[in-house]
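Please consult the sequence and the structure shown below while reading.

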Amino acid sequence: MYVGTLSFDLLLGDVHSLKEKRSVVRPIVAELQRKYAVSAGEVEHMNLHRRAVVGLALVSGDAGHLSDVLDRCERLVAGRPEVELLSVRRRFHGDDD
């Protein structure tokens with residue numbers, strides 16, 4: 001069994017309130033969940049209106065499949081024009097851990 005996690009540090013564009021922040025972050029989280037069947041959510045900077053950290057996790061029996069899905073998730077978030085991707089943190093846990 002393999003577990004992969006990604007953490008995206010995001011700078012949000014023209015956002016002036018927490019309500020506007022939710023309208024940017026929620027669709028990203030929903031699309032990740034819908035397209036790639038990952039567990040995802042906002043995990044840090046919840047009280048800051050221009051910053052967000054979105055985390056996701058995926059479990060798979062195949063390391064190659066896991067890596068492929070994490071790559072696709074990263075490309076999806078990086079391609080969103082309403083956010084600037086400041087950093088990505090990837091963790092990979094296998095049977096040897």
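The side chain of Ser-23 comes within 2.6 Å of the backbone oxygen of Glu-20. The model is a predicted one, and in it Ser-23 belongs to helix H1, which covers residues 18-36. Between Ser-23 and Val-77 there are 15 Å from C-alpha to C-alpha, with a separation of 54 residues in sequence.

Attention now turns to the largest pocket, which holds about 180 Å³ of space. Its lining consists of Thr-5, Leu-6, Ser-7, Asp-9, Val-43, Glu-44, Val-53, Ser-87, Arg-89 and Arg-91. By residue class, this lining comprises three nonpolar, three polar and four charged residues. Strand E1 contributes the most, with four residues. The strands that each supply at least two lining residues are set out below.

| Strand | Residue range | Share of the pocket lining |
|---|---|---|
| E1 | residues 2-12 | at least two residues |
| E2 | residues 39-44 | at least two residues |
| E4 | residues 83-93 | at least two residues |

The largest nonpolar core contains 24 residues, and Leu-32, Val-38, Leu-56 and Cys-73 touch the most other members. Two or more residues of this core come from each of E1, H1, strand E3 (51-60) and helix H2 (63-78).

Which residues are in contact with Cys-73, once its neighbours within four places in sequence are left aside? They are Leu-6, Phe-8, Leu-32, Tyr-36, Val-38 and Leu-56. Leu-6 is also one of the residues that line the largest pocket.

How values were computed
Residues numbered from 1 in each chain as written. Predicted model: local features only at pLDDT ≥ 70, side-chain atom pairs only at ≥ 80, totals over all residues. Heavy atoms only, no water. Polar contact = N/O pair within 3.5 Å; in protein donor to acceptor, adjacent residues only side chain to side chain. 1 Å grid on protein atoms, 1.4 Å probe; cavity = no way out; pocket = protein on both sides within 12 Å on 5 of 7 lines; lining within 4 Å. Points joined across faces, edges and corners; volume = space filled by probe spheres on them. Nonpolar A, V, L, I, M, F, W, Y, C, P; charged D, E, K, R; others polar. Core = buried A, V, L, I, M, F, W, Y, C linked by side-chain atoms within 4.5 Å. Buried < 20%, exposed > 50% of the residue type's maximum accessible area, 1.4 Å probe, protein only. Contact = heavy atoms within 4.5 Å.
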